[in-house]
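Student: I would like a close look at one part of this model, the charged side-chain pairs, with the terms spelled out as you go.

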Amino acid sequence: MPPALPALVARPQAGGCAPFDRDPARSYGDPRAENMLIHADNLDAMDRLAQSELAGSFRCVYFDPPYNSGRRFAEYDDALEPGEWRAMVRVRLEAARSLLADDGAIFVQIDDTELGPLQVEMDTVLGRSQRVSTITVVRSAATGHKAINRGPVNVTDYLLVYARERARWRCNPILRERLDYDRAYSTWLENPDEAPKKWRFAPLGARARRVLGSGASRAEIEHFAIDHAEHVVRFAQPRYEAVSLEARALIDRSRREPDRVVCLARSGRSDFVLRGGNRVLRLNDKVAVRDGRRVLVEPLTNVWDDVPFQGIAREGGARFVRNKKPERLIARILALATHPGDWVLDAFLGSGTTAAVAHKMGRRWVGIERGEQMNDLCIPRLRRVVDGEDIAGITRAFGWAGGGGFHVCT
């Protein structure tokens, strides 16, 4: 029995009853794979997807539309009238909304040229109440010809994030490495294994110098603190109006008895520990092991300045100099919004970055591109991913060694 093709891809003998026809000559790898490269106009392709079994299935949609920079490239026209650009984006947002799962989200990347109009269109199509975040992505430094321009140097892109139903969307927690030490963690906890009411405190610097020597530098003390993070704490004023009545009562008591350590045990959450009306926060909660090292980590914010754009022109073996995005950027988006096996859609596929990253991360994917870069860049790139020959980007981080396949459809 021949392996089954995805139900939305017409088999050669099916008479064209499905929304798409498979191109066997360009398809590659495991014929049972569900991944699709669609070589067509993205609005037409999304309309056809909406008539397929994939309607309402995508946990993540990523758009990287033309930024309307006023230039025209061989690959696409980036010089539309503002009204034309808004109309182009609007109808594609409407098409994407019908493809999103109820617990899915759409990420649209843009620079500041059309940032305001894009937000208006996304508010209109997806609903202002569904807006999740506007993420600032630092893509370059203030160097080169950009620094000659009058006024602030533009070094950022933006990701506008909207959910289909915000109440149902769940963001996966991500911690990023913190490069500098938080000097508020300056207190040594002598006996962390005992009950909080018995805790004893001393200055971190004094303790570190007893071990390292009186001449220990600040950097050496900070490394010592990270290596002994279970012993290091800071004191922070709690937000009185944001805690429970029980916690407020404990804060009031702690202020009246400043020399005592008091504790409120909380199910499913860390204990609420106070001294002198201030919370006792432990450095150990901000330390993780990365590549065999103990490092400080912090929750991901809406400013992403740790994803380098430099040196990605040939990433994936696909040279696409116009607005190419790093694999690490797409990987972070997919890590936030999806789990292995979820469906991902990129309707402005460009050089194939989203499809390559989704493949390496074990997501199912659909990529749409109408230009010749489908044949020149996307297909060769995805073949290398399937064959395990793409060693760049996120390959090592996710232990990718090849496998799977994709269908090229029209």
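Student: With which residue does the side chain of Arg381 meet in a salt bridge, and what is the N to O distance?

Tutor: This is a predicted model, in which local features need pLDDT of at least 70 and side-chain atom pairs count only at pLDDT 80 or more, while totals for chains, interfaces and linings use all residues. Residues are numbered from 1 along each chain as its sequence is written, and side-chain values use heavy atoms, with hydrogens and water left out.

The partner of Arg381 is Glu327, and their side chains meet in a salt bridge at 2.9 Å, N to O; a salt bridge here is a side-chain nitrogen of Lys or Arg within 4 Å of a carboxyl oxygen of Asp or Glu. This pair links distant parts of the chain, since Arg381 lies in helix H9 (residues 373–387) and Glu327 in helix H7 (residues 327–337), 54 residues apart. Helices (H or I, at least four residues) and strands (E, at least two) are DSSP runs, numbered from the N terminus. Arg381 counts as buried, at 0% relative accessibility, and Glu327 likewise counts as buried at 0%. Buried means under 20% relative accessible area, exposed over 50%, and partly exposed in between, with a 1.4 Å probe and protein chains only.

Salt bridges that share partners also join Arg176, Arg178, Asp180, Glu298, Asp305, Asp306 and Arg332 into one network.

Glu121 deserves attention next. Arg86 forms a salt bridge with Glu121, the closest N and O atoms being 2.9 Å apart. Arg86 lies in helix H2 (residues 82–99) and Glu121 in helix H3 (residues 115–127), so this pair ties together parts that are 35 residues apart in sequence. The side chain of Arg90 meets that of Glu121 in a salt bridge as well, at 2.8 Å, N to O. Here too the pair links distant parts of the chain, with Arg90 in helix H2 and Glu121 in helix H3, 31 residues apart. Glu121 is buried, with a relative accessible area of 3%, whereas Arg86 is partly exposed at 30% and Arg90 is partly exposed at 31%.

As for the wider setting, side chains of opposite charge can pair when their charged atoms come close, and a search of the whole structure finds 31 salt bridges.
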